[in-house]
Amino acid sequence: MTSVLEIDGLTVSFSTPDGDVSAVSDVSLSVEAGECLGLVGESGSGKSQTFMAAMGLLADNGTATGEIRLDGIDLLSANEKKLNTLRGERIAMIFQDPMTSLTPHMKIGRQLSEVLIEHQKVDARTGRARALDMLNRVHIPEAERRLDMYPHELSGGLRQRVMIAMALMCEPEVIVADEPTTALDVTVQAQILDLLAEVKDNLDAAIVLITHDLGVVAGLADRVAVMYAGRIVEQGTVGDIFALPAHPYTQGLLACTPRLDVETEALVTISGQPPNLQNLPSGCSFHPRCKYVVDQCKSERPALEAMDNGHIRACFRPHVEVAQ
Amino acid sequence: MWAYFTRRLIIAIPTLWVVITVAFFLMRLAPGGPFDQEAPLPPEIMANLKAAYGLDQPLWWQYFNYLGNLLQGDFGPSFKYKDFSVTELIGQGFPVSIQNGAAALFIAILFGIPLGTMAALRQNTGADHAAMTVAMTGIVVPNFVVGPLLALIFGIYLRDTMFALPVAGWNNGAFPNRILPVICLALPFIAYIARITRASLIETLRTNYVRTARAKGLPFRMVILRHAFKSAMIPVVTYLGPATVFLLTGSMVIETIFGLPGIGRYFVQGALNRDYTLVMGVTILAASMVIFINLLVDMTYAWLDPKVRYE
Amino acid sequence: MSDAPMNERRSGANLSVPNADALDKAADVEGRSLWQDAFRRLQANRAAMISAIVLIVLAFICFVGPAFVPWSYEEIDWDILEATPPNFETGHYLGTDSLGRDLLARILQGGQVSFLVGILATSVALVIGVAVGATAGFMGGRVDQFLMRFVDVMYAVPLMFFIIILMVVFGRNFYLMFLAIGFVEWLTMSRIVRGQTLTLKNKEFIEAARASGGSTASIILRHIVPNVLGVVIVYVTLTIPQVILLESFLSFLGLGVQPPMTSWGALIAEGAQEMEITPRTLILPAVCLSTTLFCFNFLGDGLRDALDPKDR
């Protein structure tokens, strides 16, 4: 199976009054049709910016270098016009905050149908019918009535369903969901995750799930990549990542996730602060917080090394030693 | 919506009453009276004049008398233009002011919004800085400087060329007579509207929903026009409310410079001459315009932002 | 990466950072205070810094300059009695006006009036606006309703007309003029402060202050006011030029300061009468007024960019 979306050596930097800041450094990823890739990291780890770059949505002071190919088409060198034929049509994105991500002065129906009208040149009537169909598919009750509502008349959960429906309108090959549940209530979160699982089963799309929550990834992703300070530190199948985490940061994240099946006395946290991107530690960016740190970590940056089963990680310490 | 409209009009009545009352008593606090002249009138003539206009009565009597007449639509006689009633004077002056004001408002919107939009879309480029410096100049060079300068240029320096323009008088609204006053009136408003449009559009372009619209692959023009523009216009409309009132109720300065018989000039002269009824009449007219235009602005909000409901 | 205008790279103060991610952490790790940070950004804004310097110099010249000018603003040079070009022998460095008064002395005196009006009238507006806004926002409920209704009614008043009526009433009093202008300029200030207070009120540190037994007055003074200060400073800087403009406008109509005192607006009105013969008498005060307004606006814009947390 070939990858629909391939990211190769992507670096994203922002120019600020205090100098350039690299939000993403030399990231390579790929995702196949029908597969769900979970991209995990703290806020500021560069996970969102990686895909903002793919969508051509970086802030104005941001620049991206490297390559991002959608089915062989390089997205980074595409101009706005070319990008517009791909965005919404072949690659779609679901954003974190459904409360502010819908245009407040447009009716839901129109916001949905305009994607189709733009890309597939259907007429308004067909667009509306397909929008209604899609609202039903994402299980929005009374879909017909909602078409003529404004976003503020819908709850957060419903709005996120609308966002998902919007992303699905053209049945894109790649769907990027950026923290789709973070802004929602816990019960609603579960419903949205169920919906995403359903989308994954029914469509042959590649799904990228960006989240800081390993629990979200566990149920949905086939493969998981972990980012720290703009770099991928570990990547592997969801089974490997959860059963045999090979990077101290991943282990830390796993330890932080509260579990019902294991009795612990207190919540575990990773000590120290998330890194300051303007002033990254030397060597391995994680070394100030790492409990396995050795001198080498402070001066050299570990490269990603392959282990078995496509599992890769960037750490100097032997896997066994780390995996206790 | 009609219920809302009516309710707002009903609320307007006490507001108008406050305006009338405050203006009435403030005017009377001002030193001097309407019949003061360089050579004082003989006391008996003064007494007769005052009696004729009811000014010899106690102030509260005059106040209620004025209110009573007002309810019957009578603004009273002008103290200074002795052959005219205030209604007649306003009837003459208001069309002049409103025509100039409307023309200036139209020009201000026509140029201000596109200028601000272009600056926003080219943010921090040379074109943006140039447009905004010009706009700032339009704001900080007051129109009582621009007016005389334009008059100097078109009325005197270019007097014998095809560009010569009349610099004074209304001439029954002849087109050339309107050009300079309207341009002068419009300039600062073009500048303000351009600045507000730019700032607001830049802010809107950073919203999440504009990002969503871009992520949908809509052409840039459509992102701007369909998704960003309506919200971006909200601050512009907020500004347009008072600006419209100011323009329509006559710019006193422009009417003074160009010698136009509008209500702005009547008001200033009335205030200086203690022409109580004329000042009251114009104030009431202006207050009614403020109330009406605020209502229009609020209804425009409801159209721009569906979250705003008629309460 | 793409050629659409939205993606053009920007620099300087108007930088936008992608939402929530990437950079918000980077900003204040070293624990710079809001004010230090803002000041640093202001210093980087060349237009604003130049404006501030020009304003200080202008104000200094207006208030100290008259001591070095041989003529006073009201003194008529009986040897001249008409507008004359600059003449260093008679000590009229910028010439005289149509009555033979020294133009430089009059421009400096007019500048004093403009700066005084700007600062005093804005202070009046500031005190009333902050008091009303902070009280309404913090107390909420009936007090808020009453105060804001009042502000609404005031907004429905054609203010320009009332200022003119007030000017007629207070006509001969220089200081009541400041009061009159200040009285009508506080409305927007009170709305801004109220809005800010409302958002601050529910912040944790206010809760904390209340929980630890702070009185309402002390919470307003020690916690609310310092935190709305940024917005207020910006608004004050932008109100001063408005007030100066308003005063010149009134003086132009003959409603402002009384002769022989003068202001830039009054000088412009006089100059407009003579502009065919001596354009100087119109242009010099106009340039002074416009420069001052320009600088205040640039400074205000610069302060807003420096203090506006949205742009960080």
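Of the 324 residues of chain A, 56% count as buried (buried, under 20% relative accessible area; exposed, over 50%; partly exposed, in between; 1.4 Å probe, protein chains only). The model is predicted, so local features need pLDDT of at least 70 and side-chain atom pairs pLDDT 80 or more, while totals for chains, interfaces and linings use all residues; side-chain values use heavy atoms, without hydrogens or water. Residues are numbered from 1 along each chain as its sequence is written, with chains lettered from A and ligands numbered from 1 in the order in which they are written.

Chain A contains 12 helices and 12 strands. These are DSSP runs numbered from the N terminus, with helices being H or I of at least four residues and strands being E of at least two. Along the principal axes, the C-alpha atoms of chain A fill a box of roughly 65 × 50 × 40 Å. The radius of gyration of chain A is 20 Å, which agrees with the value near 20 Å for a compact globule of 324 residues. This radius is taken over C-alpha atoms, and the globule rule is 2.2 Å times the number of residues to the power 0.38. Among contacts in chain A between residues at least 6 apart in sequence, 64% join residues at least 24 apart. A contact means heavy atoms within 4.5 Å.

Chain C has 11 helices and zero strands. From the N terminus on, its elements run α-α-α-α-α-α-α-α-α-α-α. Buried residues make up 52% of its 312 residues. Of the contacts in chain C with a separation of 6 or more, 72% come from residues 24 or more positions apart.

Rolling a probe the size of a water molecule over the atoms shows where empty space is left. The structure holds five cavities of 30 Å³ or more. A cavity is a set of points, on a 1 Å grid over the protein atoms alone, where a 1.4 Å probe fits but cannot get out; lining residues have an atom within 4 Å of a point. Grid points are joined across faces, edges and corners, and a volume is the space filled by probe spheres set on the points. The largest cavity holds about 90 Å³. Its lining consists of A:G88, A:A92, A:M93, A:F95, A:V115, A:M163, A:M166, A:A167, B:T212, B:A215 and B:K216. Two or more lining residues come from each of β6 (91-94) and α6 (156-168) of chain A and α8 (208-215) of chain B. The largest share, three residues, belongs to α6(A). By class, the lining has eight nonpolar, two polar and one charged residues. Here Ala, Val, Leu, Ile, Met, Phe, Trp, Tyr, Cys and Pro count as nonpolar, Asp, Glu, Lys and Arg as charged, and the others, Gly among them, as polar.

Zero disulfides occur over all chains, a disulfide being a pair of cysteine sulfur atoms within 2.5 Å. A:C290 is in no disulfide; its nearest cysteine sulfur, that of A:C315, is 6.0 Å away. A:C290 counts as buried, at 15% relative accessibility. A:C297 is likewise in no disulfide, with the sulfur of A:C284 nearest at 6.0 Å. A:C297 is buried at 6% relative accessibility.

Backbone angles were also examined. Most residues other than glycine have a negative phi. A:H139 has a positive phi, near 60°. A:H139 lies in the loop between α4 (124-137) and α5 (143-146) of chain A. A:H139 is partly exposed, with a relative accessible area of 44%. Phi of A:E142 is positive too, near 50°. A:E142 lies in the loop between α4 and α5 of chain A. A:E142 is partly exposed, at 48%.

Technical notes: On a 1 Å grid over the protein atoms alone, a cavity is a set of points where a 1.4 Å probe fits but cannot get out, and a pocket is an open set with protein on both sides within 12 Å along at least five of seven lines; lining residues have an atom within 4 Å of a point.
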